Amino acid sequence: QITTLINHKDKPKRSDKTLQAIQRVGQAVNLAVGRFVTVGEAIANENHELKEEMSVACIEARRAGETIAQLTDVASLDHPESDSHITIFTDKTGVVKAARLLLSSVTKVLVLADRIVIKQIITSRNKVLATMEQLEKVSSFQEFVQIFSQFGNEMVEFAHLTGDRQNDLKDEKKKARMAASRAVLEKCTMMLLTASKTCLRHPDCESARINKDGVFHRMRLALEQVIEIVTDSRPNGENEMAPISIYSGIKEFKNKVEGLRENLYFLSKENLSTMLEVILEHTEDFTDSAYTSHEHREHILELSKQAKMELEQLVSVWMQAQNQKTKDLMEDLEVAILKTCQCMNELKREVHSAATSLATDLLKYHTDHMVLKALKITGVEGNLEAVAEYTCKLSEQKEQLVEMCRLLRHVSGTEPLEITCIHAEDTFQVTGPQIISAAETLALHPSSKIAKENLEVFCEAWESQLSDMSLLLREINDVFEGRRGEKRVYLSLPRPGKHNSNLKTLKPVKLDTEEQAKIAKLGLELHLLTSDVDSETEKWEDQENEIVQHGQGMSSMAYSMYLFTRGEGLLKTTQDLFHQAEIFATEGTKLASALHALSDQVHNDDKPLLLLEAEKLISMCKQLQITAKASAQGKSATFTKVDACILKTRNVMTLLCQLLPLCCKLLRKNKAGNGCLKPAPPWKEDRLRTGTNARTPERRVDTFGIKSLENHVTNMTFLESK
């Protein structure tokens with residue numbers, strides 16, 4: 001709108017329509033500034049340390065908005081008595097000055113608001129750290145219960161603040177680092193609970209103390225990294241130096257080589273030689289690894305040697321071309337460039353094959369979790385010698401998996417995936433010793449239920465990270481093959497007059513900025529739930545399973561509804577949203593039918609729970625359909641209906657997050673041969689085949705598990721009795 005005013009061309013003849021349009025734009029700018037400033041002033045009143053700065057910026061913005069409104073008040077120009085009235089036509093420089101002041105003050109308000117958000121996160125982190133210090137010093141269960149309950153609430157607040165910040169980050173690298181840190185905090189919260197309980201039960205046990213100290217240390221590091229990302233700073237002021245991967249090195253090297261076609265003088269031959277040396281040094285991570293196959297090692301060494309030769313030939317022709325640009329020399333240079341790039345592509349392909357082959361073999365080999373199972377059994381038996389033997393095997397497994405992560409980082413293809421590899425490496429490095437200390441504690445106290453529970457928690461974290469690696473490997477292969485996974489958006493837009501009988505009588509409207517602000521929090525909660533559902537559906541090996549298909553469809557529709565709350569996506573009007581809500585409810589009813597079909601196959605112990613959840617889902621979907629079909633006249637009623645639809649969709653998605661792991665668990669039991677499902681009669685084999693091919697979870701959600709954390713806090717009331 002400001003650009004429209006600034007670019008307005010002065011014409012001798014001005015129609016009434018033009019005058020009215022200019023006035024409307026000026027008034028719209030002033031109103032928008034007024035709403036913006038109201039929010040800024042409210043923030044200022046809540047934050048006294050920045051109140052003065054914020055108030056000054058708000059006053060400047062309001063004054064600039066009013067000036068623009070006055071200068072565009074051109075409706076009275078045709079009346080003689082208004083000849084002395086200054087307008088955009090008589091003082092265009094005034095509009096330019098007001099616009100500059102407005103943009104400057106608005107930017108200042110935004111920067112100050114951002115500082116306040118950062119301060120909120122730092123304050124929240126400080127609360128968590130202070131409570132953690134209290135937790136480390138407690139000596140009784142009763143005191144621990146009280147403090148952990150407070151700690152849980154503070155962690156939930158921290159989770160919400162950092163989740164919002166993660167969504168706002170534009171830098172994908174920072175987003176990945178934030179997700180990794182928040183994932184550590186999520187997993188460590190449960191570890192802290194069981195490790196602390198074990199220490200309280202066995203205060204003189206050294207291995208229990210080591211186990212607990214490790215959890216506290218890791219949580220502090222994760223909290224510190226979150227603050228580094230939020231404040232964009234490093235401790236002691238040093239810059240972050242991320243290790244260069246082979247992929248990124250080859251990409252940069254090829255860009256420089258291909259740049260010689262345009263400019264023969266933009267870099268020196270020494271620069272190019274140094275770049276290749278760095279890449280070949282990194283290939284030593286593969287050739288020196290004990291886990292790289294002989295065949296891959298030989299190929300990498302051959303290609304490294306060939307790369308040096310191709311670069312020597314390229315440099316020779318390049319130097320000649322600098323002295324004499326003949327047609328033959330330029331053709332020779334083009335051939336040398338192509339051969340060098342082809343050699344680098346082959347080297348990239350070979351290291352990718354070496355890393356992914358190793359990862360595939362290791363993940364397949366360790367899927368049975370035999371070492372973890374043996375540690376649990378020998379720990380309960382109190383067999384210290386056997387525990388020592390299996391801890392050695394776990395240490396070997398840890399070294400293999402750490403090496404796998406290091407090699408995968410080189411071929412990950414994108415910075416976010418590189419960070420995920422580094423996070424996985426750290427997780428294996430830390431969790432391995434923690435499992436060992438937990439197993440030693442159990443072996444020393446074989447009858448301790450809490451020591452057994454503690455070992456289970458750390459083993460689950462290890463298994464979860466292995467499952468994450470399967471998904472990470474798939475993503476790395478997708479990048480290598482040029483497939484980049486993007487979230488599907490459900491394309492179920494309404495067609496006027498076809499899907500809804502009262503569609504023609506209702507005027508489709510969009511949410512205005514104020515309404516979007518009101519519904520933003522609810523929309524964000526819906527967004528987080530779609531991430532949770534997506535992570536649950538990714539755990540299913542059989543992606544064609546009917547339950548998975550309905551779950552994925554509902555997640556995509558809910559994501560479209562979230563985008564609507566931001567004024568984005570394919571749902572453009574409120575009527576689009578209501579129609580989407582109807583289809584979402586229908587999809588939920590179909591999912592309930594699939595759950596009924598599954599319940600026919602489970603034993604009596606599991607059947608009531610599954611049927612109860614299915615009936616809940618049917619009831620929620622009916623309520624949503626009734627709300628979506630109800631008529632709403634007027635702006636206020638329409639917004640209330642939008643709010644109700646989003647709220648009820650969120651409730652269905654919350655239930656879906658509980659249903660998917662329940663079904664996955666039942667199917668896993670069946671695959672493990674635990675007799676969870678009854679044998680299906682022959683005529684039902686085809687119908688059930690897709691429902692019984694689940695495997696262990698492949699991925700845990702990257703976002704902070706706020707719901708699971710709240711459950712930990714709620715369950716703390718039962719801790720003393722246990």
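Guide: Let us begin with a definition: axes are lines fitted to C-alpha atoms, over the stretch in contact for helices, and angles between N-to-C directions run from 0 to 180 degrees. The model before us is predicted. In it, helix 13 (residues 384–410) packs with helix 14 (residues 415–444) at an angle of about 175 degrees, the axes being 8 Å apart.

Visitor: What makes helix 13 roughly antiparallel to helix 14?

Guide: Angles over 145 degrees count as roughly antiparallel. The angle here is about 175 degrees, and therefore helix 13 is roughly antiparallel to helix 14. By class, 17 nonpolar, four polar and six charged residues make up the contact of these two helices.

Visitor: Why is the pair Glu425 and Arg406 called a salt bridge?

Guide: The criterion is a side-chain nitrogen of Lys or Arg within 4 Å of a carboxyl oxygen of Asp or Glu. For Glu425 and Arg406 the closest N and O atoms are 3.0 Å apart, so the pair qualifies.

Visitor: Are Glu425 and Arg406 buried or partly exposed?

Guide: Buried means under 20% relative accessible area, and partly exposed lies between that value and 50%. Glu425, with 14%, is therefore buried, and Arg406, with 37%, is therefore partly exposed.

Visitor: Which residues do salt bridges with shared partners join into one network?

Guide: That network consists of Glu206, Arg209 and Asp213. Within it, the side chains of Arg209 and Asp213 meet at 2.6 Å, N to O. Both residues lie in helix 7 (residues 206–231), four residues apart, which is about one turn of the helix. Arg209 has 37% relative accessibility and so counts as partly exposed; Asp213, at 30%, likewise counts as partly exposed.

Visitor: How do you know that the span of helix 10 is close to the expected one?

Guide: Helix 10 (residues 294–323) has 30 residues and reaches 45 Å from its first C-alpha to its last, against 44 Å expected at 1.5 Å a residue. Its buried residues include His296, Ile300, Glu310 and Trp318. The buried residues of helix 10 pack against helix 8 (246–259), helix 9 (269–287) and helix 11 (327–365).

Visitor: Why is Thr287 called buried?

Guide: Its relative accessible area is 12%, and the limit for buried is under 20%, so the label holds. Thr287 is in helix 9. Leaving aside neighbours within four places in sequence, Thr287 is in contact with Arg297, Ile300 and Leu301.

Visitor: What makes Gly569 partly exposed?

Guide: Gly569 has a relative accessible area of 26%; this value is between 20% and 50%, so the residue is partly exposed. Gly569 is in the loop between helix 17 (546–565) and helix 18 (574–599). Its C-alpha atom is separated by 9.2 Å from that of Tyr559, ten residues apart along the chain.

Technical notes: Residues numbered from 1 in each chain as written. Predicted model: local features only at pLDDT ≥ 70, side-chain atom pairs only at ≥ 80, totals over all residues. Heavy atoms only, no water. Helix = DSSP H or I, 4+ residues; strand = E, 2+ residues; numbered from the N terminus. Parallel < 35°, antiparallel > 145°, perpendicular 65-115°, else oblique. Nonpolar A, V, L, I, M, F, W, Y, C, P; charged D, E, K, R; others polar. Expected span 1.5 Å × (residues − 1). Buried < 20%, exposed > 50% of the residue type's maximum accessible area, 1.4 Å probe, protein only. Contact = heavy atoms within 4.5 Å.
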